[in-house]
Amino acid sequence: MRLNKIILSACLCTSLLMGRGEEININFKNLEIPDLMKIVSKILDKNILFEQDVSGKVDFVSNKPVDKEDVLNILMYTLEPKGFTIVDNNGILRLVRINDASKYNLPVVKNTIDSYQMITEVFTVPNVNVDVVSSKIRHLISTSAKLVTDKDSNAIIITDFVSNIKTMKSVIDLISVDAKKYIEEVKLKSLQAADIQPELVLMAKTIYNEQVETEKVAILLNKDTNSLMFVGKESNVKYLVEYLKGVDAKGSLVAKTVEVVNLKNAEAKAVVTMITGIIANKQYKNPNDKPYVSSDEESNSVILMGQRDELEYYKELVGKLDTDRQQVYVQAKIIEISETGLKNVGIQYGLTGFASSTGGLATFTSNLNGGSVPTIALSSSNIGGLNPLTLKNGLALGATINLLNQNKAADIVSEPSLLCLNNKESSFYVGKKMSIKTGTTTTTGGTISDNTTREDIGLTLKVKPRISNGDKVTLDINTIVEDVDRTKTTNGQPDTTKKDIKTTAIVNNGESIILGGYIWDKKEMTEDKVPLLGDIPFLGALFRNTYETKDKINLVVVITPYIVPKTKDLTYVRNQLAELKILEDKYTKEAVLRLEKQKIDAEKEYIEKDKQLLDLEDDKADVKEDRADFEADKKEYFDDKNADELEKLQKIQEKQAELEAERLEKEQELLKEQKILEEEKAQKEAEIKAELEAKQSNQETK
């Protein structure tokens, strides 16, 4: 190092003796960059300001004299890999970062000059669209260069090193060469050139791709001669000219007015679609009177052409559609909840709702809150414009997740945030790509190779918010969970699984919605052993116990929308959420303290109830004895009562038997009397019959 400095000093002295000589001899090895900057400053007789430290060493071997101006180039080549360069500001050389060089008043030129520093050059591109050209030559510029285009002048503004700019201009000259245009002028007879020109311009934009320079057609107006000049590709120009001549010959077009409406908020393409639908549903006696609408995506403008009075209506409609769109800041928490951990936490604090489901999380939150408004939240009910009930529920849910996370019952996998435009979908994806074996291939040489495919494995979240009246947000939510089935199929290749949930919910500003349903089994092997003894080879197995633990894991997605007020920005919402996070942490501690107090109160209550149970056991024994005495008295009473009733029953039966005997005796007497009457009746009938027969015999004799 000492010898190196001696050599440099000798070279420096030689340079100084030469005065303003054009060439110097210089060689160095392992020279510190700051020392090189000092040497260059003396050789050039210029001051160098370096406010930042640049470390490193550099070697330079020369077998012939070097131009004195090239010494500065050597320094710049050394600094460039370090991310620094030299800028000349009013005769003072400054060491600056390359990325910031454009901020230090670099020379602005129209034609490339020889310079040792970065410059800013402005040059026009002939014949070719400047945006198309710039997209083709961006790879030629340095990584720290700045390049912008000016469509109005078809010019490029670039800040870079001179050598890179020269290379880029050479490539542009090759691209734009021979871009010849065809020109034809048409003088109109029936139509006004100023009226028909906008329609032809829109027609040319619709038919031909303006991004391709050779396809583009320019249409120029000459009011003095009532003519139009077409400049572009010959076939394209002839098609438009033929169309114009046919229309001009018919003279059927009505003079039209063109209105260009620049949009600030809405998308021009979407507005054009809506207006086109309205125009399509209207009936026109003359089809040529129908307005024409188009869009210019580059300027986000809507172009209207038609009769002036009708265009005023559509212009007003476009203005109403171009409203400031409100934003919604959506926070999501992707959480894995352990069923076993959730049960343990619930048992620890005496809470219910242990099931590892979305309902279990909600129930757990309700129990944690205890149905009371947190005292912390009462003094901060204006955070983010949230109402006290929403704030209370949000704090309770956040405290629940914090509590479960602290007790290792829940694992917060990701906390993505999405800033969404009102009524526009936004998405989030967390996951990875996995190689999955799909089969094997055997080559002619007998080599076996696996065939694989790349599959997305993870969670996709799509949210489309729509702000309603009364600080309510309608959420269209789509969650997609893709995974690999851990069990293999018969051919040894795993299957992929996909769970897709689509739902729509209406929630208050700041209110959370919980999505779940993706559950999988988790198995782990746990080993318990006696210290030292369990590590003994062979015999240690007697002092070890290995067992399998099973658990169920539920993937839960918690989504919370926050409406960004029209008079506020995202920073305001973030500050409010930061304050809400502080309250959430405080409420978590308050909730844990409240739970511990509840647990102690419950233990005291259990002890008091146990005492009451002991007293009840004594009362129960006394009641049991009284019950036995009562049962004995009851049995004696019923025995006496049954005996009396049995005696009465026997007397009744005896009386019934006597009455039955009397009845039978009377029946026998009646039967005897009836038999005597029947015999007397028969005898009487026989006597009457004999008398009648005797009378009849006498009459016959007479």
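Reader: What is the handedness of the crossing of α8 and α9?

Author: In this predicted model, the crossing of α8 and α9 is right-handed. A crossing is given that name if the near helix is turned clockwise from the far one by less than a right angle.

Reader: At what angle do the axes of helix α8 and helix α9 cross?

Author: The axes of α8 (residues 268-280) and α9 (residues 308-321) cross at roughly 140° and come within 11 Å. Angles over 145 degrees count as roughly antiparallel and 65 to 115 as roughly perpendicular, the rest in between being oblique. The crossing angle of roughly 140° therefore makes α8 oblique to α9.

Reader: Which residues of α8 and α9 meet?

Author: From α8 come V271, M274, I275, I278 and I279, and they meet Y314, L317, V318 and L321 of α9. Val, Met, Ile, Tyr and Leu all count as nonpolar, and the contact accordingly divides into nine nonpolar, no polar and no charged residues.

Reader: What makes β8 and β10 stand at the edges of their sheet?

Author: The sheet is open, with four strands in the order β8-β9-β11-β10 and mixed pairing. β8 (108-109) and β10 (146-150) each have a single partner strand, so one side of each lacks a neighbour in the sheet.

Reader: How do you know that β10 pairs with β11?

Author: Pairing requires at least two bridges. Five bridges join β10 to β11 (residues 155-160), therefore the two strands count as paired, and they run antiparallel. K146 stands opposite T159 in β11. Helix α4 (residues 130-137) lies across both β10 and β11, at about 160° to β10.

Note on methods. Residues numbered from 1 in each chain as written. Predicted model: local features only at pLDDT ≥ 70, side-chain atom pairs only at ≥ 80, totals over all residues. Heavy atoms only, no water. Contact = heavy atoms within 4.5 Å. Axes fitted to C-alpha atoms, helices over the stretch in contact; angles between N-to-C directions. Parallel < 35°, antiparallel > 145°, perpendicular 65-115°, else oblique.
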